[in-house]
Amino acid sequence: MRPVLVKTISQMMQISTKLKGTIGFVPTMGYLHRGHLSLVETAKKNADIVIVSIFVNPTQFSPNEDLSQYPRDIDSDIKLLSELDVDYIFFPQESEMYPDGCKTWVNVDKITQVLCGKSRPTHFKGVTTIVAKLMNIVDPDLMYMGEKDFQQLVVLRQMAKDLNFKTEIIGCPIIREEDGLAMSSRNKYLSPAGRKNALCLHKALLLAKKRFRQNITNSSKIITEMADLIENMEGVIDYIEVVDPDTLEHITELKKGCRILLAVIIENTRLIDNMKME
Ligand code: AMP
């Protein structure tokens, strides 16, 4: 069935207050791919009503980033979500989400200034602000987020805990193309040659996992090997870090359950990926 397309905040709030049963919510910026759809499928399995939001959030882009060229295709998104029997699509206007005079930000300290936060210092402030707004409007019981954006997941869990949101946040596994590239709306920017080189992120993570399984645990040694592989495939490294999955603190010796996170620029596109060491 075609989902109900909800375009205003008041309408979305009216609907969500009246809904009976568990509400599962999947916030997205649209241009949906199988990564997004996997979150929707998990929500469909666990919640009575599924709401997906589509909103390209301007406050998480800095002025030199790709906001104006960020890919959009609402017709295809609606079609894909209809096929999955989503109940509601919340598709608000930017002017209503950020009216003139909007002065409040939600900001999580410290864990937003490391990893992606170093090169994108205002990014997470935009993410936490929009997700807090969306959570207030949709009032979900469950919210589904991809581990693809692992730092975002940790930051939003911290926000939900600190601000006493009652929503449970569920992390879902990374969905990859057949050759291993993590699905992302930004993969569209890559040329055929760039698309091949973009495999270096996944290859480097697999190399790290292999070394971990060979009992090599020194983070710097593994990071150096990963960096060599990436640079040989024309990737420009923003960061490669081994972190504790709960605190995002840097760790010097790999151990079971730790995560390696990385951001690499291929052509002009910044790609991220991560993997749990096990
Ligand atoms: P975005 O539209 O990029 O803001 O992503 C919306 C949600 O989809 C976020 O929770 C992302 O982590 C998740 N997501 C994006 N790509 C993937 C992927 N390849 N696998 C799993 N989840 C993903």
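This is a predicted model: local features need pLDDT of at least 70, side-chain atom pairs count only at pLDDT 80 or more; totals for chains, interfaces and linings use all residues.
Figure 1. The chain is divided into domain 1, which covers residues 4-172, and domain 2, which covers residues 185-276. The C-alpha centres of domain 1 and domain 2 are 26 Å apart. Where the two domains meet, 21 residues of domain 1 are in contact with 17 residues of domain 2.

**Figure 2. The area buried between domain 1 and domain 2.** Between them, the two domains bury about 1,800 Å². Of this buried area, 56% is on carbon and sulfur atoms. On the side of domain 1, the residues that lose the most area to domain 2 are Leu 115, Lys 148 and Phe 150. Together, these three residues account for 34% of what that side buries.

**Figure 3. Salt bridges and polar contacts across the domain interface.** Three salt bridges are found across the interface of domain 1 and domain 2. The interface also has eight residue pairs in polar contact, with both residues at pLDDT 80 or more. Helix H5 (116-119) and helix H7 (150-162) are the elements that each give two or more residues to the side of domain 1 that touches domain 2. By class, this side of domain 1 has nine nonpolar, six polar and six charged residues.

**Figure 4. The salt bridge between Glu 241 and Lys 118.** Glu 241 and Lys 118 form a salt bridge. The closest N and O atoms of this pair are 3.9 Å apart.

**Figure 5. The surroundings of the ligand.** The ligand is surrounded by 17 residues, and the closest are His 36, Gly 146, Asp 149, Ile 175 and Met 183. An N or O atom in the side chain of Asp 149 is 2.6 Å from an oxygen atom of the ligand. Gly 146 instead places a backbone N or O atom 2.9 Å from an oxygen atom of the ligand. For Met 183, a backbone N or O atom lies 2.9 Å from a nitrogen atom of the ligand.

**Figure 6. The salt bridge between Asp 66 and Arg 186.** The structure holds 11 salt bridges. In one of them, the side chains of Asp 66 and Arg 186 meet with an N to O distance of 2.8 Å. Asp 66 lies in the loop between strand S3 (49-54) and helix H3 (74-83), whereas Arg 186 lies in the loop between strand S6 (168-172) and helix H8 (192-197), so the pair ties together parts that are 120 residues apart in sequence.

Note on methods. Residues are numbered from 1 along each chain as its sequence is written. Side-chain values use heavy atoms; hydrogens and water are left out. Domain bounds come from an automatic or database domain assignment. Contact means heavy atoms within 4.5 Å. Buried area is the accessible area (1.4 Å probe) that two parts lose on being put together, summed over both. A salt bridge is a side-chain nitrogen of Lys or Arg within 4 Å of a carboxyl oxygen of Asp or Glu. A polar contact is a pair of N or O atoms within 3.5 Å; within protein, one must be able to donate a hydrogen and the other to accept it, and residues adjacent in sequence count only if both atoms are side-chain atoms. Helices (H or I, at least four residues) and strands (E, at least two) are DSSP runs, numbered from the N terminus. Ala, Val, Leu, Ile, Met, Phe, Trp, Tyr, Cys and Pro count as nonpolar, Asp, Glu, Lys and Arg as charged, and the others, Gly among them, as polar. A residue is near a molecule or strand if one of its heavy atoms lies within 4 Å of it.
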